[in-house]
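Hi,

Here is the structure I said I'd pass on. Have a look at it first, then read my notes below.

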Amino acid sequence: MKRLRLEKPYGTNVIIKKVECTNHLLRNYINRLRDISGKRKNDKGNVIPGCYRKVVHDRLLRLRYAVTEAIKYRRLEQTDHTYETALDLLKADITNGPNHVFGDHSKCQSYFCEGQKKGEENIVPDLKNYGVWDDICRARNLLTYHTESLMYGYNNNSAELYNSILTKFVGGKRVNFSLKGSYQLRCNAAVTAYNSGPNRLSLFNKHLTNKSPGRFTKMYIKRQVVTVETRRRRRCLFSGPKNRTKSTTIGGPDENYGNVSHDPFSELTAVEIQQLKMKFME
């Protein structure tokens, strides 16, 4: 992005801006708030009571709703104000979103809020006392930085849908065995396993670390060696005859298959067979 602004491919008067996806911005905003609700301590190391962490977690949807409704209203209001004024108003609404959700309606606009509701408690001072409010404001400030992208309201749903369909045809995120050394490495590992058997783990460990493998690896190798040796002895003791090939006799077609002993073409000449073939092809 920095290089595009320096190069100015569309002229000196055209400023290139990056428009972020609205869905990604809102998702990141809620994820940061969810992380705050899951921490027992704030960024300063102070302990956060569980009741306030639960309040933040229970109101995540309302925090997102406050942003989306402000975007809808300000986008419809652009005809009455200039673009810069609409951006400033939207930024103020997003900044006031956490205050509205947690009970402080001193700066709420009339289109969105009617004031303090009956029985509603303002917990903003308590959140400030325990240091949770600073963490919430930090996540909110990251969202307000992209106010212009939120005003555009663009998303990459079409690209995401295309990629989801594309992965069904190409097999998704699978291992690319055609890369250099990828297939050859697996072949070499198979050869080592065939030649060394269970002891291959010890060889790999000694080759990489110049140390003998640990206790549990040795126990696993020992069990595998005993299993292989037991199988070998059983084959020697209880081996049957070497030639176990069964004689297969072909009894011919079933009696209900038709009159297979009679060949209808045996009584026809080559010319008649050719005529019948051409007639069938027609």
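The largest pocket has a lining made of Met 1, Arg 5, Lys 17, Lys 18, Val 19, Glu 20, Tyr 145, His 146, Glu 148, Ser 149 and Tyr 152. A pocket here is an open set of points on a 1 Å grid over the protein atoms alone, where a 1.4 Å probe fits, with protein on both sides within 12 Å along at least five of seven lines; lining residues have an atom within 4 Å of a point. Its volume is about 290 Å³, counted as the space filled by probe spheres set on the points, which are joined across faces, edges and corners. Helix H8 (residues 147-152) gives the most to this lining, three residues; helices are DSSP runs of H or I, at least four residues, numbered from the N terminus. By type, the lining has four nonpolar, two polar and five charged residues (Ala, Val, Leu, Ile, Met, Phe, Trp, Tyr, Cys and Pro are nonpolar, Asp, Glu, Lys and Arg charged, the others, Gly among them, polar).

Before you go further: this is a predicted model, where local features need pLDDT of at least 70, side-chain atom pairs count only at pLDDT 80 or more, and totals for chains, interfaces and linings use all residues. Residues are numbered from 1 along each chain as its sequence is written, and side-chain values use heavy atoms, with hydrogens and water left out.

The second largest pocket comes in at about 210 Å³. Of its 15 lining residues, Ala 92, Asp 93, Asn 96, Gly 97 and Lys 107 lie nearest the centre. H5 supplies the largest share of that lining, seven residues.

**Confidence**

The average pLDDT (the predictor's confidence in each residue, from 0 to 100) is 81, and 82% of the residues score at least 70.

Cheers

Notes:
Helices (H or I, at least four residues) and strands (E, at least two) are DSSP runs, numbered from the N terminus.
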